[in-house]
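Here's a quick tour of a protein model for you to follow on screen. Keep the structure open and click along as you read.

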Amino acid sequence: AYQSAGRGTFTVDPARQRELLGRLGLAQSELGFVKLAQGACQSGTAQLNLVAEGNSLTVLFHPTRLPRQPLWEGEALALSLLSLSQDYELDWNWTFDGQCVSGQAREHRFSEAPPLAAPREAANQLEVRISKSKTSWWHRSWTGSVQKLLARRLLCTPMTASWNGQPLTQPLRLSDRAEAFV
């Protein structure tokens with residue numbers, strides 16, 4: 001579905017991208033953060049770490065399955081990257097079983113370098129750095145709204161999530177009656 005713009009680089013027509021994401025219910029690019037968390041969960045990770053620094057957000061997790069190559073193909077992670085690339089700049093790198101791959105998305109252009117040999121002691125991990133290029137000093141930080149969105153949506157996931165080292169969600173509390181029923 002992508003037109004090649006050279007080896008390892010693909011472009012997506014913005015109109016087709018919006019149409020596809022709209023049909024999938026991802027018309028708002030912020031829902032790409034939820035898809036990113038879903039992709040992390042599908043990878044088999046036990047922990048999702050989010051670190052907000054100024055105008056960027058870093059998402060880090062340790063997959064138990066080899067990520068797709070290129071990363072923008074497949075299911076949840078691909079939809080996440082496609083959705084977020086509308087308003088954000090993305091950089092990613094992952095290491096898995098001795099392979100190391102890095103890539104980026106800028107202005108509807110996706111590129112990924114061929115796999116390299118990773119250091120022997122490198123842990124399996126996938127890191128996505130998300131930044132917003134078009135912000136002004138008077139705009140509020142966009143990461144706060146992402147934190148609230150994920151805190152509401154990740155209540156019942158099998159993985160734990162942290163934001164800047166603190167738990168993102170509080171344990172789900174049921175009433176005594178609901179506890180007894182369960």
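This is a predicted model: local features need pLDDT of at least 70, side-chain atom pairs count only at pLDDT 80 or more; totals for chains, interfaces and linings use all residues.

Residues are numbered from 1 along each chain as its sequence is written, and side-chain values use heavy atoms, leaving out hydrogens and water.

**Helix H2**

- Helix H2 covers residues 31-42, and its 12 residues should span 16 Å at 1.5 Å a residue; the end C-alpha atoms are 17 Å apart, which agrees. The expected span is 1.5 Å times one less than the number of residues.
- Which residues of H2 are buried? They are Leu31, Gly32, Phe33, Val34, Leu36, Ala37, Gly39 and Ala40. Buried means under 20% relative accessible area, exposed means over 50%, and partly exposed is in between (1.4 Å probe, protein chains only).
- An α-helix has 3.6 residues a turn, so residues three or four places apart point the same way.
- The buried residues of H2 pack against strands E3 (47-53), E4 (56-61) and E9 (125-131), plus helices H3 (76-84) and H4 (143-153). Contact here means heavy atoms within 4.5 Å.
- Just after H2 comes Gly44, with a positive phi of about 90°.

**Aromatic rings**

- How many aromatic pairs does the structure hold? There are three. Rings of Phe, Tyr and Trp (its six-membered ring) pair if their centres lie within 6.5 Å; planes under 30 degrees apart count as stacked, over 60 as edge-to-face and the rest as tilted.
- One of the pairs is Phe33 with Tyr88: the ring centres are 5.5 Å apart and the planes sit at 80°, so this pair is edge-to-face.
- Phe33 lies in helix H2 and Tyr88 in the loop between H3 and strand E5 (89-96), so the pair ties together parts that are 55 residues apart in sequence.
- Phe33 counts as buried at 2% relative accessibility, and Tyr88 is buried too, at 4%.
- Tyr88 also pairs with Trp142: here the centres are 5.0 Å apart and the planes are at 55°, so the pair is tilted.
- Trp142 is in the loop between E9 and H4, and Tyr88 is in the loop between H3 and E5, so this pair links parts that are 54 residues apart in sequence.
- Trp142 counts as buried, at 8% relative accessibility.
- Put together, Phe33, Tyr88 and Trp142 form one aromatic cluster.

**Cysteines**

- A disulfide is a pair of cysteine sulfur atoms within 2.5 Å, and by this rule the count is zero.
- Cys41 is partly exposed, with a relative accessible area of 27%.
- Cys100 is partly exposed as well, at 28%.

- The peptide bond from Gln69 to Pro70 is cis, with omega near -5°. Pro70 is in the loop between E4 and H3.
- Asp97 has phi near 45°, a positive value in a residue other than glycine. Find Asp97 in the loop between E5 and strand E6 (99-106), where Asp97 is exposed at 62% relative accessible area.
- Back at Asn164, phi is near 50°, again positive in a residue other than glycine. Asn164 counts as partly exposed, at 40% relative accessibility.

Terms used: Helices (H or I, at least four residues) and strands (E, at least two) are DSSP runs, numbered from the N terminus.
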